[in-house]
Amino acid sequence: MGKEQNRLVLCASSSMAFLLLLAWLYASVFSSDVTPFEAWKLPGFGSSLSSKMSDHEAILANYSLDFPLRRLVRGDDRIQLDTTGFACHSDLYSELCIANKEVRIDNKNLTVYIPSSQSQISRKNIKPYPTTNPLHLVTSMQIVNEETNLPACNFNHNVPVLVFSSGGFTGNLFHEMDELIIPLFITSRHFRSNLKFVIIDYKAWWVNKYSRILSRLSRYEFINPAVNGSVHCFPGAVIGLKFHGLLALNRTDIPGGYSMFDFKHFLAQTYNLKHRNVFEIKREKPVLILISRAKTRRFVNEDEMVVMMEELGFEVVVTRPNRMSNLNKFSELLNSCSVLVGAHGAGMTNEVFLPAGAVAVQVVPLGLDWASTNYFGEPAREMGVKYLEYKIEPEESTLFQTYGKDHVVVTDPQSIFAKGYQAGRAVYIDEQNLKINVERFRGTLVQAKQLIEV
């Protein structure tokens with residue numbers, strides 16, 4: 001009986017030692033800059049390996065190579081990927097192509113070669129940008145499936161490649177975050193930085209502006225095809241980006257199940273932001289950031305608004321576009337902010353850096369009700385940011401003085417937009433400024449102050 005117990009104890013000890021060894025191997029191979037919250041959701045992918053790794057570690061890494069690629073497609077698209085090694089997914093917004101086998105990218109000709117056993121050569125053009133509106137600003141990539149006439153590899157990589165364009169409506173914070181940064185996060189975060197970016201329509205200033213984010217999503221040097229015309233070979237590829245809507249992450253369609261809350265947590269880690277919740281901010285007065293626009297939809301009586309805000313007990317910081325362009329510094333200011341105030345426009349995108357429980361107050365210009373709510377209102381709530389709208393009266397719009405109170409521009413904005421987006425934009429986005437009724441607006445800010453004190 002005693003020998004049997006000893007065997008059981010020895011067996012249990014050996015099993016425990018084996019499990020600990022597996023855990024150590026997993027931690028060694030798949031370690032990366034992910035939070036404990038993410039770790040349980042993200043099965044490993046360790047292609048970024050040191051030259052000292054063991055054969056066993058290499059086997060584990062290569063075995064998992066296919067996993068993060070196939071998670072980007074579902075249903076028939078996944079079956080096709082598993083069967084042929086290549087599949088594309090199209091939806092309302094964009095197109096995404098996946099290869100889980102060797103690809104060769106000729107940077108000079110912007111062509112992706114995918115070996116195929118089929119006798120017939122197939123060619124496909126794709127614009128690797130996640131929305132359809134600015135595609136005239138995006139360069140096409142050609143995908144070629146063939147078995148012969150493949151270009152020789154100048155460089156070989158042991159991680160997959162993600163090809164996307166930094167063209168489109170860059171130069172506008174909303175579009176940069178909505179159509180590039182969030183789609184990049186959706187598409188690449190579950191790779192745990194183990195993939196390489198090929199960025200067509202490369203804009204050095206954009207790469208520099210978002211260098212912190214890009215370097216956390218990929219630990220490798222980015223490739224600019226315009227200055228590197230070599231042929232690069234990869235064990236797999238993603239061409240294009242996934243898009244879920246306006247400042248949106250649909251967690252049920254994201255590898256790892258990320259939400260907007262997780263994206264904000266990623267930003268907080270990336271920019272070393274210390275306040276996760278507004279109640280952690282210890283200031284004598286709550287900070288209110290007023291976004292000051294330089295051109296359209298600007299506050300004509302901004303100075304009067306600031307006086308009122310200070311009377312309510314806020315420490316007011318007026319920010320202008322040049323200050324907001326440096327995200328490394330401005331994100332810290334936003335993270336110490338309790339209330340963000342701005343007219344509808346790209347500046348409201350800064351709500352992504354607010355701590356949870358802070359309040360975003362959007363001033364809604366004449367004719368821009370739907371855009372205000374859908375671009376910034378609904379996303380704010382998904383971020384854990386409290387949201388208030390101040391819808392101006394017609395008298396608070398400069399369009400009232402320009403056209404008169406009975407003009408259709410003032411009385412029926414929808415009839416103007418019915419003529420087409422450009423017709424509406426020309427009036428309500430490009431021509432309108434705001435003279436806020438300070439006493440009326442005071443009530444909204446009193447409400448905002450009450451929300452941060454709850």
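Leaving aside its neighbours within four places in sequence, which residues is asparagine 301 in contact with?

1. Asparagine 301 first. Contact here means heavy atoms within 4.5 Å. On that basis, and skipping neighbours within four places in sequence, asparagine 301 is in contact with Leu434, Lys435, Ile436 and Val438. The residue is found in the loop between β12 (287-291) and α10 (302-311); helices (H or I, at least four residues) and strands (E, at least two) are DSSP runs, numbered from the N terminus. Along the chain, asparagine 301 and leucine 434 are 133 residues apart, yet their C-alpha atoms are separated by 8.0 Å. Asparagine 301 counts as buried because its relative accessibility is 8%; buried means under 20% relative accessible area, exposed over 50% and partly exposed in between (1.4 Å probe, protein chains only).

2. Ground rules. This is a predicted model, where local features need pLDDT of at least 70 and side-chain atom pairs count only at pLDDT 80 or more, while totals for chains, interfaces and linings use all residues. Residues are numbered from 1 along each chain as its sequence is written, and side-chain values use heavy atoms, with hydrogens and water left out.

3. The chain overall. The secondary structure of the protein chain comes to 18 helices and 16 strands. Of its 454 residues, 54% count as buried. Take the contacts between residues at least 6 apart in sequence: 73% of them join residues at least 24 apart. The chain exposes about 20800 Å², with 53% of that supplied by carbon and sulfur atoms; areas come from the Shrake-Rupley method with a 1.4 Å probe, and for residues only the protein chains shown count as cover.

4. The largest pocket. Its volume is about 1400 Å³. For the record, on a 1 Å grid over the protein atoms alone, a pocket is an open set of points where a 1.4 Å probe fits, with protein on both sides within 12 Å along at least five of seven lines, and lining residues have an atom within 4 Å of a point. Grid points are joined across faces, edges and corners, and the volume is the space filled by probe spheres set on the points. The lining has 46 residues, and Asn172, Phe174, His175, Tyr375 and Arg425 lie nearest the centre. Two or more lining residues come from each of α6 (173-188), α11 (321-324), α13 (369-382), α16 (413-417) and α17 (421-429).

5. Who lines that pocket? Helix α6 gives the largest share, six residues. By class, the lining has 22 nonpolar, 15 polar and nine charged residues. Here Ala, Val, Leu, Ile, Met, Phe, Trp, Tyr, Cys and Pro count as nonpolar, Asp, Glu, Lys and Arg as charged, and the others, Gly among them, as polar.

6. The nonpolar cores. A core is a set of buried Ala, Val, Leu, Ile, Met, Phe, Trp, Tyr and Cys residues joined through side-chain atoms within 4.5 Å. In the largest one, with 68 residues, Phe197, Tyr210 and Phe263 touch the most other members. Helix α6 gives the most to this core, nine residues. A second, separate core of 35 residues includes Leu290, Phe299, Leu388 and Val438.

7. Leucine 180, in helix α6. Leucine 180 counts as buried because its relative accessible area is 0%. Beyond four places in sequence, it touches Tyr129, Phe164, Ser165, Ser166, Gly167, Thr170, His175, Trp206 and Leu241.

8. Proline 134, in the loop between β5 (122-126) and β6 (141-146). Proline 134 counts as buried because its relative accessibility is 0%. Residues up to four places away aside, proline 134 touches Tyr129, Gly168, Phe169 and Glu179. Proline 134 and glycine 168 are 34 residues apart in sequence but 5.1 Å apart in space, C-alpha to C-alpha.

9. Helix α9 (residues 260-270). This helix is mostly covered, with eight of its eleven residues buried; Phe263 and Phe266 are among them. After α9 comes asparagine 272, whose phi is positive, near 55°.

10. Leucine 110, in the loop between β3 (103-106) and β4 (111-115), has phi near 50°. Serine 193, in the loop between α6 and β9 (196-200), has phi near 75°. Leucine 110 is buried at 19% relative accessibility, and serine 193 is buried at 3%.
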